[in-house]
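Here is a short briefing for a first look at this structure. Keep the sequence and the 3D view side by side as you read.

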Amino acid sequence: MLLFKCSFVWVITLLFSFILQLIQLQQQLNLEYEKLRSENLVNRFNALMAQVNPHFFFNLLNSLASLVRENKR
């Protein structure tokens, strides 16, 4: 009977440690996913900013400024 109780406790302990390892692995995967998601957003933002040509932006602002001046008259 004592052997059975010890075996039962040993099995429960192994299962508990396995569950804890799975939880830790899931947390690590979630953290890695969030890091990759954040890097992806930063890279997309940088790519978008690289597409905005300063000359185009300057011309756009000048056009808007002239439209605003025309509407004030």
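Arg37 is partly exposed, with a relative accessible area of 45%. Its side chain meets that of Glu34 in a salt bridge, at 3.6 Å from N to O. Keep in mind that this is a predicted model.

**The salt bridge**
- Glu34 also counts as partly exposed, at 41% relative accessibility.
- Both Arg37 and Glu34 lie in helix H1.
- Three residues separate the two positions, about one turn of the helix.
- One salt bridge is found in a search of the whole structure.

**Charges**
- The protein chain carries 7 positive and 4 negative side chains.
- The centres of these two sets lie 8 Å apart.

**The nonpolar patch**
- A nonpolar patch on the surface is formed by Phe16, Phe18, Ile19, Leu20, Leu22, Ile23, Leu25 and Leu29.
- Together these residues have about 760 Å² of accessible area.
- Ile19 lies in helix H1, which covers residues 2-51.
- Ile19 is partly exposed, because its relative accessible area of 47% falls between the 20% limit for buried and the 50% limit for exposed.

**Fold and shape**
- The protein chain has two helices and zero strands.
- Its C-alpha trace spans about 100 × 25 × 5 Å along the principal axes.
- The radius of gyration is 31 Å, whereas a compact globule of 73 residues would have one near 11 Å.

**Surface**
- Buried residues make up 0% of the 73 residues in the protein chain.
- The accessible surface of the protein chain comes to about 7300 Å².
- Carbon and sulfur atoms account for 67% of that surface.

Definitions and conventions
Residues numbered from 1 in each chain as written. Predicted model: local features only at pLDDT ≥ 70, side-chain atom pairs only at ≥ 80, totals over all residues. Heavy atoms only, no water. Patch = residues over 30% accessible without salt bridge, like charges linked within 9 Å, V, L, I, M, F, W, Y side chains within 5 Å. Areas by Shrake-Rupley, 256 points an atom, 1.4 Å probe, with all protein chains shown as cover. Salt bridge = Lys/Arg side-chain N within 4 Å of Asp/Glu carboxyl O. Helix = DSSP H or I, 4+ residues; strand = E, 2+ residues; numbered from the N terminus. Buried < 20%, exposed > 50% of the residue type's maximum accessible area, 1.4 Å probe, protein only. Rg over C-alpha atoms; globule rule 2.2 N^0.38 Å. Lys, Arg positive; Asp, Glu negative; His and termini not counted. Charge placed at Lys NZ, Arg CZ, Asp CG, Glu CD.
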